[in-house]
Amino acid sequence: MYFYVLNNNAPVITLNGSAVVYIEARTGVDYIEQGAVVTDDIDGDITNSLVISGYVNEEVKGTYYIKYDAKDSHGNNAISVYRQVVVRDTTAPIVTLIGNKEIKLLYGQQYIEYGATAVDNYDGELEVIINNPIIEDKIGTYSVTYVAYDESGNRGSTIRYVEVIDNVSPVITLIGDEITYVEVYTEFEDEGALIEDNVDGTF
């Protein structure tokens, strides 16, 4: 008499590593397959029967799925297991100033905007948004900001510092003659002088 062991139990696939993997797009980092382990209640460890399918393109943003299948010696198929691989862009654009980072501007002189460039590792060249709060006829230090956003919403920025300065000395003009004659025992009355300044005006 012969006895046959009937095995209807499917093998079980267990992923190595996380079920969700994140990869930064276009950074030269490749997806590394960590594989899985397959166990069966009759055959034991049958990881060598594992079949992996699917692909990941590290150059293109998106969600990719790696599929894992296996079959035991009795022909029972394991329930397919999937690993989700998300290729994403979280790298901020690089914003580079054209010209000097610090500028001294004479009072009243027109500020010349040299701008900046922005390059993203995924989207390439980007538009730069400039916020220029400079008032040329007001002494002070101003921060000009340069901002760029890539298609993933990552923000890159830099700052240029512009100091409006006054290096022009005021001019003193006497009221009346430079030489004044006063009689002895007579009180001298100074007629004063006018001060003219390019920033503060006349006083």
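Strands themselves are DSSP runs (E, at least two residues), as helices are (H or I, at least four), and both are numbered from the N terminus.

A word on the basis of these values is in order. The model is predicted, so local features need pLDDT of at least 70 and side-chain atom pairs count only at pLDDT 80 or more, while totals for chains, interfaces and linings use all residues. Residues are numbered from 1 along each chain as its sequence is written, and side-chain values use heavy atoms, with hydrogens and water left out.

Taken as a whole, the protein chain has 17 strands and zero helices. Of its 203 residues, 28% are buried, where buried means under 20% relative accessible area, exposed means over 50%, and partly exposed lies in between (1.4 Å probe, protein chains only). The accessible surface of the chain comes to about 13,800 Å², and carbon and sulfur atoms account for 52% of that; the areas come from the Shrake-Rupley method with a 1.4 Å probe, and for residues only the protein chains shown count as cover. Among contacts (heavy atoms within 4.5 Å) between residues at least 6 apart in sequence, 56% join residues at least 24 apart.

Another open sheet has three strands in the order 1-3-4, with antiparallel pairing. Its edge strands, strand 1 (12–15) and strand 4 (44–45), each pair on one side only. Strand 1 is joined to strand 3 over four bridges, with Thr 14 opposite Val 37. Strand 3 (residues 36–40) is joined to strand 4 over two bridges, with Asp 40 opposite Gly 44, and three residues lie between these two strands in a hairpin. In a regular strand, side chains alternate between the two faces of the sheet.

Elsewhere, Ile 98, Ile 112 and Tyr 114 make a nonpolar surface patch of about 300 Å². Ile 98 lies in the loop between strand 8 (94–97) and strand 9 (102–106) and is partly exposed, at 38% relative accessible area. Thr 173, in strand 15 (residues 171–174), is also partly exposed, at 37%. Its C-alpha atom is separated by 5.1 Å from that of Leu 194, 21 residues away along the chain.

For the patch, residues need over 30% relative accessible area and no salt bridge; nonpolar side chains (Val, Leu, Ile, Met, Phe, Trp, Tyr) are joined within 5 Å, and like charges within 9 Å. A salt bridge is a side-chain nitrogen of Lys or Arg within 4 Å of a carboxyl oxygen of Asp or Glu.

How values were computed: Pairing = 2+ DSSP bridges.
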